[in-house]
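The tour goes from a pair of packed helices to one helix and then to a single residue.

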Amino acid sequence: MDASRIANPVTGAVGRFFAGAGLLLRGLGLYVRSPKLMLLGIVPALISGVLFVGAFATLVYFVDDIAAVVTPFADDWSTTARNLLRVIAGLAFLGLGGLLAVVSFTAVTLVIGDPFYEKISERVEERYGGTPGSVDVAFWSSLRRSLADSVRLVALTALVGIPLFLAGFIPVVGQTVVPVIGAAVGGWFLAVELVGAPFYRRGMRLPQRRSILKADRPAALGFGVAVFLCFLIPLGAVLVMPAAVAGATLLARRSLGQPIEER
């Protein structure tokens with residue numbers, strides 16, 4: 001099969017974006033086909049979710065104090081101007097915290113639930129024809145590589161999130177355009193993170209999977225943004241995580257020019 005024909009279909013960028021989002025829906029279909037396996041995949045997501053919800057709730061509780069600390073120059077402003085600035089600062093902090101939380105949640109959950117998510121990914125591969133070019137990787141070696149790549153992705157997310165955080169102080173733009181850009185950035189990093197298992201199975205590291213996903217960036221963004229938005233819904237991250245792993249396996253196969261239709 002010609003990989004270029006799959007990586008660059010003729011449906012246009014918008015069509016490819018929605019095709020990528022559709023891969024998450026196909027991942028959700030596994031809840032019907034393999035309910036026990038998918039439910040097991042919820043357990044590590046639930047553990048991780050409790051930790052991150054607690055951390056984010058703490059940020060929400062203290063966000064007013066944090067906003068006041070970073071805007072001391074506004075102490076002498078009028079009450080209205082000072083409160084407006086600090087509300088904007090608080091929203092910027094929450095936006096940055098949300099972006100980092102979603103990407104970090106995914107990284108931590110994948111590590112905690114590695115055996116479950118590896119099994120889900122393998123089940124998807126088997127359904128669509130197996131794993132061409134698979135290599136045997138020792139568990140601890142795979143875990144070390146996964147941790148290293150996850151740390152790099154979270155650090156890069158933080159680096160990209162800083163200018164978005166600063167842009168969040170711009171009235172109107174910071175509350176409209178910046179969240180859209182944040183969802184796109186978060187979606188891209190989620191896509192790169194979630195396809196880790198099928199790429200590791202083929203002996204490919206982070207630079208390779210990032211390069212391959214760039215060949216069909218709209219599809220990767222469509223999938224990643226769909227996951228990102230689901231993760232923002234209460235309990236969405238916990239319930240959708242197994243489906244996201246399944247959909248990411250389909251995304252990896254699509255990007256590599258391998259079948260994503262059952263034979």
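Start with helix 6 and helix 12, whose crossing is right-handed (the near helix is turned clockwise from the far one by less than a right angle; helices are DSSP runs of H or I, at least four residues, numbered from the N terminus). The contact (heavy atoms within 4.5 Å) involves Tyr117, Ile120, Ser121, Val124 and Glu125 of helix 6, and Met241, Pro242, Val245, Ala246, Thr249, Leu250 and Arg253 of helix 12.

This is a predicted model: local features need pLDDT of at least 70, side-chain atom pairs count only at pLDDT 80 or more, and totals for chains, interfaces and linings use all residues. Residues are numbered from 1 along each chain as its sequence is written, and side-chain values use heavy atoms, with hydrogens and water left out.

Next, select residues 12-28, helix 2. Colour Arg16, Gly20, Ala21, Leu23, Leu24 and Gly27, the buried residues of helix 2 (under 20% relative accessible area, 1.4 Å probe, protein chains only). They lie on the same side of helix 2, because they cover an arc of only 140° around the axis, taken from the directions from the helix axis to the C-beta atoms. Turn to the other side to find Val14, Phe18 and Leu25 exposed (over 50%).

Finally, centre on Leu24, in helix 2. Leu24 counts as buried because its relative accessibility is 4%. Which residues does Leu24 touch, leaving out those up to four places away in sequence? They are Phe223, Ala226, Val227, Cys230, Val240, Ala243 and Ala244.

Notes. Helices (H or I, at least four residues) and strands (E, at least two) are DSSP runs, numbered from the N terminus. The expected span of a helix is 1.5 Å times one less than its number of residues.
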